[in-house]
Amino acid sequence: MTVEIVCAGCGADTMVKREPVYDGFKRIGERFVCVSCGHVYASEESVPFKKKREMAVFSDADKSPQPRIFKSDDLQKNCRHCEHYVVNPFTQRCGLHGRVVEATDICGQFEAKDKPEVGS
Ligand SMILES: [Zn+2]
């Protein structure tokens, strides 16, 4: 795994490698090594991470909009969203039942239109 840093050893805008440190076969910690110059940071605290940028990324992720899909199936089951819904200048009719309907009527034979309305 590599993480972006600005190296304190070589000054490069580069990456740091996380390496496990072993005492014999026992893992005793981690050290961080600059991939450009090999500068070793003994602890995570001493690594000059490009933190600002990482934090910006994280905050952007936090701000990502919540899914806008509300489980409003019942609301969607009214005639205006039904494929049988027929609108003309004078009336709104249900093509299936051949009767006048209101856009907000809820129908047992509701069938969703192929293309759901977006943004309205
Ligand atoms: Zn370096």
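In which elements of the protein chain is confidence lowest and highest? In this predicted model, mean pLDDT is lowest in helix H1 (residues 51-63), at 51, and highest in strand E4 (residues 40-41), at 94. The protein chain as a whole averages a pLDDT of 80, with 73% of the residues scoring at least 70.

**Confidence**
- The pLDDT is below 50 over residues 53-58, a stretch that has one contact in the model beyond near neighbours in sequence.
- Where pLDDT is low, the predicted coordinates should not be read in detail.

**Fold**
- Two helices and seven strands make up the secondary structure of the protein chain.
- Along the sequence, these elements follow the pattern β-β-β-β-α-α-β-β-β.
- Of the contacts between residues at least 6 apart in sequence, 41% join residues at least 24 apart.

**Core**
- Of the 120 residues in the protein chain, 9% are buried.
- The largest nonpolar core consists of seven residues: Ile5, Cys7, Val16, Phe32, Cys34, Tyr41 and Val47.
- Leaving aside residues up to four places away in sequence, Ile5 touches Thr14, Met15, Val16, Val47, Pro48, Phe49 and Lys50.

**Cys7**
- Cys7 sits in the loop between strand E1 (2-6) and strand E2 (13-23).
- Cys7 counts as buried because 20 other C-beta atoms lie within 10 Å, and the cut-off for a buried residue is 20 or more.
- Contacts of Cys7, again without residues up to four places away in sequence, are Ala12, Thr14, Cys34, Ser36, Cys37, His39 and Pro48.
- Val33 is 26 residues from Cys7 in sequence, and their C-alpha atoms are 9.5 Å apart in space.

How values were computed
Residues are numbered from 1 along each chain as its sequence is written. This is a predicted model: local features need pLDDT of at least 70, side-chain atom pairs count only at pLDDT 80 or more; totals for chains, interfaces and linings use all residues. pLDDT is the predictor's confidence in each residue, from 0 to 100. Helices (H or I, at least four residues) and strands (E, at least two) are DSSP runs, numbered from the N terminus. Two residues are in contact if their C-beta atoms, placed from the backbone, lie within 7 Å. A nonpolar core is a set of buried Ala, Val, Leu, Ile, Met, Phe, Trp, Tyr and Cys residues joined through C-beta atoms within 7 Å. A residue is buried if 20 or more other C-beta atoms lie within 10 Å of its own, exposed if 12 or fewer, and partly exposed in between; C-beta atoms are placed from the backbone.
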